[in-house]
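User: Please walk me through this chain in short questions and answers.

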Amino acid sequence: MAPIPRVGAFVGGVLVANSAPHLASAVAGHTHLTPVAGRDSSPRVNLVWGLANAVGGLALTRACARTGERRWDRSLLAFEAGAATFAMWMATSEAVLRVNTPARAAG
């Protein structure tokens with residue numbers, strides 16, 4: 001299998017993983033950082049952004065899986081690696097930068 005489909009599957013995994021916190025914020029009615037409206041993106045903006053990431057990631061992954069093979073083990077591994085990479089990036093960046101953590105009230 002060529003490396004390009006694996007790269008596409010990796011990016012697809014990143015996009016699908018990125019959709020999860022945005023969709024969760026939308027359902028919970030919370031604000032969450034998006035590139036569309038910044039730090040205080042409304043739940044509606046997060047819903048749109050989350051759906052766009054999910055649809056785009058799944059479409060990209062599906063396109064990369066069309067290689068004529070019945071099994072797409074390496075593309076699936078690349079997809080999972082993309083999702084895991086995004087999860088580690090978010091956990092680390094949130095621990096260090098606190099971008100989406102609300103400030104605690106002094107008390």
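**Fold and surface**

Analyst: The chain holds three helices and zero strands; both are DSSP runs numbered from the N terminus, helices being H or I with at least four residues and strands E with at least two. This is a predicted model, where local features need pLDDT of at least 70, side-chain atom pairs count only at pLDDT 80 or more, and totals for chains, interfaces and linings use all residues. Residues are numbered from 1 along each chain as its sequence is written, and side-chain values use heavy atoms, without hydrogens and water.

User: In what order do the elements of the chain run?

Analyst: Read from the N terminus on. The order is α-α-α.

User: Is T34 buried or exposed?

Analyst: T34 lies in the loop between helix 1 and helix 2 (43-65). Leaving aside neighbours within four places in sequence, T34 is in contact (heavy atoms within 4.5 Å) with H22, S41, V45, N46 and W49. Buried means under 20% relative accessible area, exposed over 50%, partly exposed in between (1.4 Å probe, protein chains only). Because its relative accessibility is 2%, T34 counts as buried.

User: Which class does V7 fall in by relative accessibility?

Analyst: V7 sits in helix 1 (residues 3-28). Its relative accessibility is 48%, so V7 counts as partly exposed.

User: What share of the 107 residues in the chain do buried residues make up?

Analyst: The cut-off is under 20% relative accessible area. Across the 107 residues of the chain, the buried share is 27%.
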